[in-house]
Amino acid sequence: MSQLRINELIPEGRLLASGHLACPGCAAPLAMKLALNALGANTIVVMPACCYTIIAGPWPQSSLQVPVFHTAFATGPAVASGIRAALDTQGKFDTTVLVWVGDGGTFDIGLQSLSGAAERNENILYVCYDNEAYMNTGIQRSSATPWGAWTTTTPAQFPEASNKKDILAIMAAHNIPYAATATPAYPVDFIAKVNKAKAMRGTRFIHLLSPCPPGWKCGDDEGLELARMAVQSRVFPMVEVEDGQHWRVTMEHAGDPVEPYLRRQGRFRHLSGEQVTHIQREITARWESLQRRAQAEPLVPAGAM
Amino acid sequence: MKKVMVGNHAVAWGVRLARVEVISAYPITPQTQVVEKLSEMCADGTLPARFIKVESEHSAMAAVIGASATGVRAFTASSSHGLLYMHEMLHWAGGARLPIVMVDVNRAVGAPWNIWTDQNDSLSQRDTGWVQLYCETNQEVVDTTIMAFKLAETLDVPVMLMLDGFYLSHTAEPVDVPDQEMVDRFLPKRAASYKLDVESPHAFGALVKPDAYMEMRFLQQEALQQVPQTLAAIEKDWQRMFGRSYGALEAYRADDAELLLVTSGTVTSTARAVVDARRAAGERVGLLKMKMFRPFPTALLRDALRGVPRVAVLDRNISPGHGGIFAEELRSALYDIPDAERPELFGFVLGLGGRDITPAVIDEVIEKTRAGVVPSREDLWVGVNP
C-alpha cells in the first residue's frame with residue numbers, strides 16, 4: 001500500500017543519466033535524481049566545487065540532462081544571481097535556477113555569498129547536500145561536522161570540538177520565503193518540499209542530510225538507514241520555516257536514543273559513554289528549543305513515508 | 001552631444017551606450033562614482049539593466065560570470081583591493097572565455113592603506129586571461145568602453161580597461177558622447193556563441209583532464225594573440241563612424257627621435273607637454289603611449305622601437321624584488337632585435353601611491369637617460385627620498 005503511494009508521489013524522469021561517478025552508497029545522486037525529476041527540464045544547475053563536481057562527470061560528459069555551470073567554491077549563490085538576472089532580462093521567469101552544493105561550500109567558504117543572495121531574496125533554489133565534512137578532499141572537518149566526530153583533521157585523540165553550525169536558523173533569520181531540512185532517506189517528504197519550494201519565488205533553501213559511507217565509516221548499504229536513524233533520534237529533525245517566522249516539524253520523530261546511530265559509524269567509534277550522554281543531552285536541548293518555536297504538522301501523511 | 005564629465009561618469013556613459021543588460025558591482029574608492037551613476041541610470045530607466053548589488057567584489061565578478069554565461073552583455077567595475085579580491089574569478093572568466101567588460105580605476109594596494117593611483121592592482125592581474133587597455137582621457141574611456149564589448153564579443157575574451165584614480169576618475173573633461181543610434185549600429189545586441197540554455201543543455205567548466213586542458217589553454221592563447229589585429233579593425237570602424245581612434249600603441253612626435261619615452265595612462269598627457277617643449281627647443285625627443293598591455297603587443301613594439309637609440313620607460317608600478325613591470329616586459333620583447341638596432345632601455349619607477357609625476361620629474365627621466373645613468377637596482381627610482 002505505502003509502496004504504491006511512494007510511486008505515485010515520486011515523479012518519473014530521466015534528467016539524471018546513469019554513469020555518474022559517485023562512491024558506492026553515496027546519497028547525493030539519489031537526492032539529485034529526486035530533485036531534478038521534481039523540478040523538470042526547465043532548470044539550470046549551478047555547481048560550485050563539491051563532491052558533485054566529480055559526480056556529475058568530467059568533460060565532455062555530463063550525467064545531468066539540464067544545463068550545468070561549474071564554478072569556484074565560494075560563488076554558487078552569486079553566479080546563480082547573475083544567471084537569474086540574465087534569464088529575467090530574456091523573459092525566462094519560469095526557469096528554475098538551482099544551486100547544488102555541499103556543506104563546505106555552504107557552511108564555510110560560501111556563507112557570505114549565500115547570505116548576500118538571501119538578503120537580496122534572489123529568486124533561486126539552493127540545496128545544500130550535507131555529508132558533514134570535506135569529503136571530496138578526503139574527509140576533513142567543516143563547520144557542519146558534528147561534535148565528537150573523527151575526520152582526518154580531527155583525529156580520534158582530539159575529535160571535532162565544536163557543535164555543528166545551525167545553518168537552518170541562520171538562513172531562516174534572513175526571513176527568506178522558505179527554508180527546510182530534508183533527506184533522500186525520506187523521499188516523499190523531500191519531494192514535497194522541493195515542490196513547495198518550486199512554487200514559491202525568492203530565495204528557497206533546503207538543507208539535506210546526505211550520508212557518505214567512506215566519510216562516516218559505514219557500509220555502502222547503510223547510508224539511508226543511518227539518515228533515517230538521524231531523523232528518528234532527532235539528530236537531524238525534519239523542519240520547514242516560512243518567511244523566517246513559521247516553523248513546522250514536518251513528520252513524527254520517534255525520539256529514539258542516539259547511541260545506536262553513533263555506534264553504527266566508525267567516525268564516532270572512539271566516543272566514551274560519557275561523550276555519548278553529552279551528545280544525547282545536546283540533542284534533547286535542541287529538540288526542546290525547536291518545540292518551543294515549531295508546530296507539529298506533517299507535510300505528507302505518515303502512511304506515505 | 002558634448003558633455004563635461006569626470007572619468008567615472010564617462011565609464012557609466014559607455015556602459016549605458018553599450019546597452020549592458022546585467023551589472024553587478026561593489027563600491028570602492030575611487031571607483032564609487034561608477035556604481036552611483038549606473039544606479040541612477042538604472043533607476044531612471046535610461047539604462048534598462050539589472051543591477052545586482054552584491055556583498056563583495058568576489059561575488060560581483062561571480063555574478064557577471066553567471067550573467068555572461070547566460071548570453072547577455074555584463075559589466076562590473078572595481079579598484080585596488082576589490083580587484084584583488086576578484087582574482088580567483090578573473091581567472092574563471094578568462095578560462096570560461098566570457099566576454100565580460102570591466103573597468104579598474106587604478107589605485108595602489110595596501111599595506112599601508114593608500115587610495116591614490118598606481119598600476120599595481122591591475123598589473124598583478126596580468127596573467128588572468130584578460131585583455132588590458134590603459135586609457136589617457138575621458139573621451140578615450142567612453143569610446144574604449146564601447147569598443148571593449150565589440151572586442152570581447154568578437155573573440156570571446158574578457159576585457160579590462162583602466163583609468164588612473166583621481167587623475168582621470170575624478171577629473172572633469174569635455175566628452176563628445178557618441179550618438180546612441182550609431183552605437184547601436186556599431187555594437188548590435190550580443191549573439192552568444194554558447195550559453196546556458198534549457199533548450200540545448202550543456203555543462204560548462206566541468207573537470208578537464210590532462211589530455212585536453214592544455215588544448216583549451218592553447219585556444220585561449222590563440223584568441224588573445226588575435227586581439228591587436230581585431231582591435232585595429234574595430235578602431236577602423238570607430239574612426240569611420242565617430243572620427244576618433246587610439247591604437248594599441250600611439251607614437252607621438254616619435255619620428256627621428258633619439259630618445260623615446262614609453263608611458264601609459266594619464267602620465268602620457270604630461271609627457272606630451274614635455275615632448276612639445278623639448279621639440280620646440282630642437283631636441284629629438286618623442287613619446288610612445290602603450291594603451292595595450294595584455295596581450296603584450298610585442299610585434300608592434302618591436303616595429304615602433306627598432307633603431308631608436310634610447311628608450312625611457314615610465315613605470316607607475318613595481319614588481320617588488322624585480323622592477324617596473326612595463327620595462328621588464330619590454331626588455332624581454334626587444335631581446336632578439338639585433339644589437340645594432342636594439343634600443344638601450346632605461347627603466348624608471350615613479351609616481352607610486354599617487355605621487356605626482358610632474359613635467360620636472362619627466363625632465364629628470366630624460367636627463368638621466370641622456371646621461372646613460374646605469375641604475376643600481378633593476379630600475380631607477382625617481383622622486384624617492386632614500
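**Reading the terms of a predicted model**

Tutor: Thr75(A) sits in the loop between strand S2 (68-71) and helix H4 (76-89) of chain A. Helices (H or I, at least four residues) and strands (E, at least two) are DSSP runs, numbered from the N terminus. Residues are numbered from 1 along each chain as its sequence is written, and chains are lettered from A and ligands numbered from 1 in the order in which they are written. The model is predicted, so local features need pLDDT of at least 70 and side-chain atom pairs count only at pLDDT 80 or more, while totals for chains, interfaces and linings use all residues; side-chain values use heavy atoms, with hydrogens and water left out.

Student: Why is Thr75(A) called buried?

Tutor: Its relative accessible area is 0%. Buried means under 20%, exposed over 50%, and partly exposed in between (1.4 Å probe, protein chains only). Thr75(A) is therefore buried.

Student: What makes Ile54(A) partly exposed?

Tutor: Ile54(A), in helix H3 (residues 51-55) of chain A, has a relative accessible area of 32%, so the term is partly exposed.

Student: Which residues does Thr75(A) touch?

Tutor: Leaving aside residues up to four places away in sequence, Thr75(A) touches Ser113(A), His58(B), Ala62(B) and Met89(B). Contact means heavy atoms within 4.5 Å.

Student: Why is strand S5 (residues 101-106) of chain B described as largely enclosed?

Tutor: Six of its six residues are buried, so the rest of the structure largely encloses S5(B). Val101(B), Val103(B) and Val105(B) point one way, whereas Met102(B), Asp104(B) and Asn106(B) point the other way.

Student: How do you know that strand S4 (residues 74-78) of chain B pairs with S5(B)?

Tutor: Two strands pair if DSSP finds at least two bridges between them. S4(B) and S5(B) have four bridges, in the parallel sense, with Ala77(B) opposite Val103(B). S5(B) is also paired in the parallel sense, over six bridges, with strand S7 (residues 159-164) of chain B, where Leu163(B) is the bridge partner of Val105(B).
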